[in-house]
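Hello,

Have it open while you read, and the notes below will take you through what turned up.

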Amino acid sequence: MGDVPFRRFECLNPTCEETLVVLEDDCGEGFSITCPTCDYLHFDGGSLHLFDYALVHRESGDTINSGPFAPTHNAYLALAERVKYCVLCYTLQPLESFDRHSSRATGRQGECRMCKRLYNELKNESRLTEQHREAAETRRLLTALSGETDVGSIDELLARFDHQCFNCLKPLQDKPGGVDGYYLDHTLPVSWLWPLDLGPTILCRQCNGRKSDHWPSEFYGDIAKLRALATRTGIPFSQISGPPSFNPAAIERFRTEADSIIERWVQHPKKLKALKLRIEAASGENVFRDADPASLRAIGLSS
């Protein structure tokens with residue numbers, strides 16, 4: 001049930017304290033939902049008559065409008081909280097407790113953020129030194145190809161983000177790293193060959209770990225938040241709110257400097273080939289099309 005959305009709401013019967021959890025598919029047109037505790041029926045077209053009202057002009061005493069105050073069942077269910085189960089801890093939680101995942105039916109990942117954070121901590125603790133070294137090498141390759149330079153004044157950057165995490169608004173100390181310090185996030189991920197100096201985001205340690213290589217539209221989601229991020233970073237809103245894409249300048253650099261790049265990273269042929277395939281799948285660009293045949297053979301490719 002980790003990819004099935006539900007609606008969670010309290011029974012509309014004023015004398016009942018039951019909380020109902022109903023499949024979202026059962027809350028659509030023609031819905032009929034009976035409370036298991038009091039048998040109150042919530043149905044398409046129904047309403048709850050709470051009281052009669054009269055809107056009276058304060059000075060003249062004339063009645064301007066009157067009638068029943070009766071919220072409809074349709075409007076109530078439309079505003080009901082959307083929830084789903086975590087596939088790890090099996091608890092029912094609001095959709096906002098799950099990171100975004102565009103390819104899933106609910107648009108959210110299967111595990112909640114609490115379980116994902118614990119899982120990642122356990123996974124990182126179990127990684128071998130060689131694996132950490134491999135991950136660091138991959139990061140260095142991506143950073144080099146992105147054309148990253150100095151990010152400029154950290155003081156100005158912190159002031160721009162009000163010395164707090166952009167995502168959760170946690171106040172941050174003016175020092176890098178640690179529990180209470182700031183972290184510089186690649187707003188557009190380096191995994192897509194975008195440099196940090198393009199317009200970094202200030203995040204806390206926890207949010208920086210969860211953001212990781214997510215594209216802004218995948219992680220933040222909220223349009224107002226994405227507009228604010230575009231304003232603070234200077235990155236166009238259309239790019240921040242759109243789908244992931246490779247940095248065209250980096251792709252061009254990869255293509256024109258293919259031989260020197262291969263020579264520098266010849267000890268990591270799998271990384272080069274994997275990145276080549278990712279770029280080709282996303283953009284149709286063969287970054288090694290102009291590379292020297294000898295360079296290609298050095299990493300196990302043919303011209």
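Let's start with H163, which is partly exposed, with a relative accessible area of 31%. Please keep in mind as you read that this is a predicted model.

You will find H163 in the loop between α4 (154–160) and β9 (183–185). For background, most residues other than glycine have a negative phi. L169 also has a positive phi, of about 70°, and L169 is not a glycine either.

Next, the cysteines. As a reminder, a disulfide is a covalent bond between the sulfur atoms of two cysteines. How many disulfides does the count come to? The count comes to 0. Take C11: the closest cysteine sulfur is that of C38, 3.6 Å away, which is too far for a bond because the cut-off is 2.5 Å. C204 is in no disulfide either, and the nearest cysteine sulfur, in C207, is 3.6 Å from it. Are C11 and C204 buried or exposed? C11 counts as buried, at 7% relative accessibility, and C204 counts as buried too, at 3%.

Now for the inside of the protein. The largest nonpolar core has 43 residues, and those touching the most other members are L193, F254, L272, L275, I279 and F288. Which elements each supply at least two residues of this core? They are α3 (129–146), α4, β10 (201–203), α7 (223–233), α9 (248–256), α10 (258–264) and α11 (269–283). Another core lies apart from the largest one; it has 14 residues, including C16, F31, I33 and L77.

Two further residues are worth a visit. A291 lies in the loop between α11 and α12 and counts as buried, at 9% relative accessibility. Not counting residues up to four places away in sequence, A291 touches A258, D259, I262 and L296. How many Å separate the C-alpha atoms of A291 and T19? The separation is 64 Å, and the two residues are 272 residues apart along the chain. S295 sits in helix α12 (residues 293–298). At 14% relative accessibility S295 counts as buried, and with neighbours within four places in sequence left aside, S295 is in contact with D259 and I262.

Finally, the pockets. Rolling a probe the size of a water molecule over the atoms shows where empty space is left. The second largest pocket holds about 180 Å³ of space. Which residues line the second largest pocket? The lining is made up of E96, R100, R108, R113, N167, R210, F219, Y220, D222 and K225. Sorted by kind, the lining of this pocket has 7 charged residues, 2 nonpolar and 1 polar.

Happy exploring, and write back with any questions!

Best wishes

Notes:
Residues numbered from 1 in each chain as written. Predicted model: local features only at pLDDT ≥ 70, side-chain atom pairs only at ≥ 80, totals over all residues. Heavy atoms only, no water. Buried < 20%, exposed > 50% of the residue type's maximum accessible area, 1.4 Å probe, protein only. Helix = DSSP H or I, 4+ residues; strand = E, 2+ residues; numbered from the N terminus. Core = buried A, V, L, I, M, F, W, Y, C linked by side-chain atoms within 4.5 Å. 1 Å grid on protein atoms, 1.4 Å probe; cavity = no way out; pocket = protein on both sides within 12 Å on 5 of 7 lines; lining within 4 Å. Points joined across faces, edges and corners; volume = space filled by probe spheres on them. Nonpolar A, V, L, I, M, F, W, Y, C, P; charged D, E, K, R; others polar. Contact = heavy atoms within 4.5 Å.
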